[in-house]
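Let's take a walk through this structure, one piece at a time. Have the sequence and the 3D view ready.

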Amino acid sequence: MAPTERLVVQDVSFTYEESPSPALTHVDLKVRPGEFLAILGHNGSGKSTLAKLLNALYLPTEGRVWVCGMDTADEDRLWDIRSQAGMIFQNPDNQIVATVVREDVAFGLENLGVPHDEMVERIDRALETVNMTPFAEKAPHMLSGGQKQRVAIAGILAMQPSCIIADEATAMLDPQGRRDVLSTVQRLNREKGITVVWITHFMEEAVQADRVIVVSDGGVVLQGKPREIFSQVDRMRELHLDVPRMTSLADSLRKEGMPLPDGILTVDEMAKEVTRLLCPSSSNT
Amino acid sequence: MPLELKHVTYTYSAGSAFQVTALDDISLTIGDGEFIALVGHTGCGKSTLVQHLNGLLKPTSGQVLLNGEDINGEKVNRRALRQKVGLVFQYPEYQLFEETVAKDIAFGPKNQGLPADEVDRRVRRAMEHVHLNYEKLAERSPFELSGGQMRRVAIAGVLAMEPQILVLDEPTAGLDPRGRDRILGMVRELHAEGVTVVMVSHSMEDVASLATRMVVLSHGRLVAEGEPRAVFRQHEIMEEAGLDIPDAAKLCGALIARGISLPDDLYTQDELREHLLRLWKEARA
């Protein structure tokens, strides 16, 4: 029986050809509809392998992966699977195929054989959703990295997907581009209920997810709400990952005896807690 | 050996319809042993400026002087210049091309016509600087290495020229936290050994922990410079330049706004921790 969750990874192991050891071993994961899941892990942890299993770019060596109830090993459903689970990659320059923005967005639809009028409408709507309408007739190479990533997202949206899988989609962007791309995807998640799997090295991006999983040595080693994950400062450091700066400052103060609560993530939270300790009378403001 | 920019202006496609002034009257002196962070939003002119530092680009007007001598003068030996000022581009690993790590790193010194034993000494020393094990990696293909290791090979290739001034354009872009910390640690060590460093960065946190001086560019103009402490205090200028300030500086501002008495120019986690512990002890006493 096909499961009802958006994405299901069932006891999956994966070994690359010619590799002596598996990249993933016995991974189980369920992503529910509308969830924003962040995946953390250092390079070589297996997180990108996991992402590529989620839209049938790779097939599991053992176990099964289901996308919207479809087994990714079912070759007849490949196009359905890929249009349901769209993927954004790290390098903006590697995913643009056309010489005009609008045509790039059209690429997936043309392959699906969508009628022309509907195609035009879907492209317009997709570009509008990512705020790229003014660039529809422009050449992609004139765009910034963040704008290119938003065009890539429009190309996925035109396929009317239920999931977006982003494999370090902001790693090569500047802070502004990073914010634009993340907020675009967050909006799609909130307003359209699109399920998001967001792989990143940036802790400040993972902080805003519904749930975080940490991958290390080919397996899931931690999972929970961002607050639960990041309060494990020493464990995260062992895994060669960052924690938000305020979390690490709070942790070091706590170790010196200052009774700050666990789970501080942001500057605002930190300011509030420090004020509560230092001047209790004014901490209500 | 100070490197001095005097009223440097650079215009791309001068005289055409696409004319863009990328640098507008920049004057700046880079003194011996400094660690300068060059910051600004994408398109502000950082990368253009960096390419002026070793004569890859020639100012449309103005001069670049090394030790008082115009580096674009007719008598200047370009090869000697590029040996003194080493430039590490963005994503330098894309420029690796040799069969082995050692050959790739040896390329520069060999072209300089140095004797084989000197080339070998330099390759070993450069690998040591970037924390790559010579015995294990020298004969490997650079393309079999991890992304972070490949980047360190590329940087070693520049270090093998033994430059006195090392210019790095976003050396940590796209790396995971462990890769980033390795590169930054290595740059810190080189600076401690007396190499002058100019580093382009988008991460204000990295800048805060490393730089002795910051130079802020916005729309091709130099809008602020000075010690990080002095620059991070100028919130409006940073905001106008499209830049963030470190979380520690934000927390410092938020606490002062809540009536806590702190110096208004704290910007590193360590100094903030010291001050907060002191206040906490005073509050308990």
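Before we look at any sheets, here's a handy rule: two strands count as paired if DSSP finds at least two bridges between them. Keep in mind, too, that what you're looking at is a predicted model.

With that rule in hand, go to strand 9 of chain B, which covers residues 213-218. On one side, strand 9 of chain B runs antiparallel to strand 10 (residues 221-226) of chain B, and five bridges join them.

Look for B:Leu38, which sits opposite B:Val215 of strand 9 of chain B.

So is strand 9 of chain B enclosed or open? Five of its six residues are buried, so strand 9 of chain B is largely enclosed by the rest of the structure.

Now move over to where the two chains touch. Chain B brings 31 residues to the contact and chain A brings 29 residues. On the chain B side, helix 6 (147-159), helix 7 (177-192), helix 11 (247-257) and helix 12 (269-284) each supply at least two residues. Helix 12 of chain B gives the largest share, eight residues. By type, the chain B side splits into 12 nonpolar, 11 polar and eight charged residues.

Methods: Residues are numbered from 1 along each chain as its sequence is written. Chains are lettered from A and ligands numbered from 1 in the order in which they are written. This is a predicted model: local features need pLDDT of at least 70, side-chain atom pairs count only at pLDDT 80 or more; totals for chains, interfaces and linings use all residues. A residue is buried if 20 or more other C-beta atoms lie within 10 Å of its own, exposed if 12 or fewer, and partly exposed in between; C-beta atoms are placed from the backbone. Helices (H or I, at least four residues) and strands (E, at least two) are DSSP runs, numbered from the N terminus. Two residues are in contact if their C-beta atoms, placed from the backbone, lie within 7 Å. Ala, Val, Leu, Ile, Met, Phe, Trp, Tyr, Cys and Pro count as nonpolar, Asp, Glu, Lys and Arg as charged, and the others, Gly among them, as polar.
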